[in-house]
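Student: I would like to go through the labels on this model one by one. Please set each value against its definition.

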Amino acid sequence: MVERYVMSIDQGTMSTRCILFDHQGRLVSVGQREHEQYFARPGWAEHDPTEIWSHLRRVVVPRALEGAGIRPEQIAAIGIANQRETTVVWDRRTGVPVGHAITWQDTRTSGYVEELRRTTGDDFFLERCGLSPTTYFSAPRLRWLFDHVDGLRERAERGEVLFGTMESWLIWNLTGGPDGGLHLTDATNASRTMLMNIRSLAWDDELLAYFDVPRAMLPEIRSSAECYGMARALLPDVPICAALGDQQAALFGQTCFAPGEAKCTYGTGSFLLVNTGTELVRSRHGLLTTVGYKVGGEPPVYALEGPIAVTGSLVQWFRDRLGLIHSAPEIETLARGVEDNGGCYIVPAFSGLFAPHWRSDARGVIVGLTSYITKGHLARAVLEATGWQTREVVDAMNADSPRPLRQLKVDGGMTSNNLLMQFLADVLDMPVVRPMVSETVSLGAAYAAGLASGYWPDLEGLRRNWHRAAQWMPTMDPARREAEYESWRRAVERSLGWARS
């Protein structure tokens, strides 16, 4: 009998990966390629969608197949996870993007967002889409494009151009592109646009009218796990059976299927999600209400989310901009050379602060500098910034949720840093647990596709695949924990109000 596998395509902020998984949820092979980051102006962050599609087609998928030594017909299903909120508009007839994709990190819409909050307020949006206006989401970017690209809105009204987040762009190309490609999204990605009604999971007429977005350019909203259609390009006749925003995919990959279960993914930024079940919880403490996942015709499962904009990218900044280390793993060695941060705190508000503050006027600060501080103390402050930002989000979740967090499942590249993981357990005062497969974004997309295609039978079967690789328990003195947390909050206050529109 020929072995079959599930393929996961993870289109991330820094790179695109293709990973093959077997029935036990084990990683079989990987193909990966980084793409260019474009920063044309301060606060702008863009990607080239054509480059990303080219890398997937020419490098990423072929490497994964070659690494496993298999043929495309051995792929049971394809699942896609993607960087969320990143906005792509392309020509329906030619498949050529209108311009670069505007990424989730981009803050060019800050002036427009401030105007929305001042003139309309948060409640109008919270009631409909569960989100407050910020530069994070897709609709303000789409409106910016209409205002700055001549004739774009009229072309959208005529159905000549299409809008989507990255999974829509990839699915459209995989299923034929200009020659009948499927234009669709899933409920998790649609819930990040500010255009979908969070209860009905349909495009909201009032929100479309508010942002002046023509319905003709929007993708069809489908569930996260169902077979959408067959790939034509690249992987002929292989079914595409799942799409999830990357952080919801990680929630699924960590098998957080019960209300109160939470995970945090530590990558470029970090994203903490807690399953709230079929109950839609409206945050009062700066978190986002989002669709966690939707399996076929079953009711949607919701989540509360606390996104943190800068965590892993702070280590990159420390390496690439300051040149204090040569590789990311070196930061742990450097930080272990000192006992503590020496009273130094780094708030990485490079383009504002996300949850729970939502302050686009914040900018990065380093406080507590004295002549005693060495690069070892700075390295420790870089790592501790991730811990304290996580603590702020966990506090907000415990205030919003009827089920306080008891442990935190973690994944992503930063979880290989044992000093950071221990610091997380200490400042959260709860166990921190890492699974055997740390690539849970890719695994979650594979699980959803395998579930929809019958490769895996049910959610309990997926739970049995989850195995613990490491656990960190809190050891920090409570008085020290609270004293340092107070110092962190004072540092955050000093980052606020720096940038002016």
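This is a predicted model: local features need pLDDT of at least 70, side-chain atom pairs count only at pLDDT 80 or more; totals for chains, interfaces and linings use all residues.

Student: Why is helix H6 (residues 166-174) called largely enclosed by the rest of the structure?

Tutor: Because nine of the nine residues of H6 are buried. Buried means under 20% relative accessible area, exposed over 50%, and partly exposed in between, with a 1.4 Å probe and protein chains only. Among the buried residues of H6 are Trp169 and Trp172. Just after H6, glycine 176 takes a positive phi of about 130°.

Student: Which residues does UniProt list for "binding site"?

Tutor: The unreviewed UniProt entry lists Thr13, Arg84, Glu85, Tyr136 and Asp246. The positions are in the numbering used here, feature names are shortened, and annotations may be inferred rather than shown by experiment.

Student: Why is tyrosine 136 called buried?

Tutor: Its relative accessible area is 0%, so tyrosine 136 counts as buried. Tyrosine 136 lies in the loop between helix H3 (123-129) and helix H4 (138-148). Not counting residues up to four places away in sequence, tyrosine 136 touches residues including Arg84, Glu85, Trp104 and Trp358. Contact means heavy atoms within 4.5 Å.

Student: What makes the pairing of tyrosine 136 and arginine 84 a polar contact?

Tutor: Their side chains are joined at 3.2 Å. A polar contact is a pair of N or O atoms within 3.5 Å; within protein, one must be able to donate a hydrogen and the other to accept it, and residues adjacent in sequence count only if both atoms are side-chain atoms.

Student: Is aspartate 246 buried or exposed?

Tutor: Buried, because its relative accessibility is 12%. Aspartate 246 lies in helix H9 (residues 246-253). Leaving aside neighbours within four places in sequence, its contacts include Arg84 and Val441.

Student: How do you know that threonine 193 is buried?

Tutor: Its relative accessible area is 2%, so threonine 193 is buried. Threonine 193 sits in the loop between helix H7 (187-190) and helix H8 (205-211). The side chain of threonine 193 reaches the backbone oxygen of alanine 190 at 2.8 Å.

Conventions. Residues are numbered from 1 along each chain as its sequence is written. Side-chain values use heavy atoms; hydrogens and water are left out. Helices (H or I, at least four residues) and strands (E, at least two) are DSSP runs, numbered from the N terminus.
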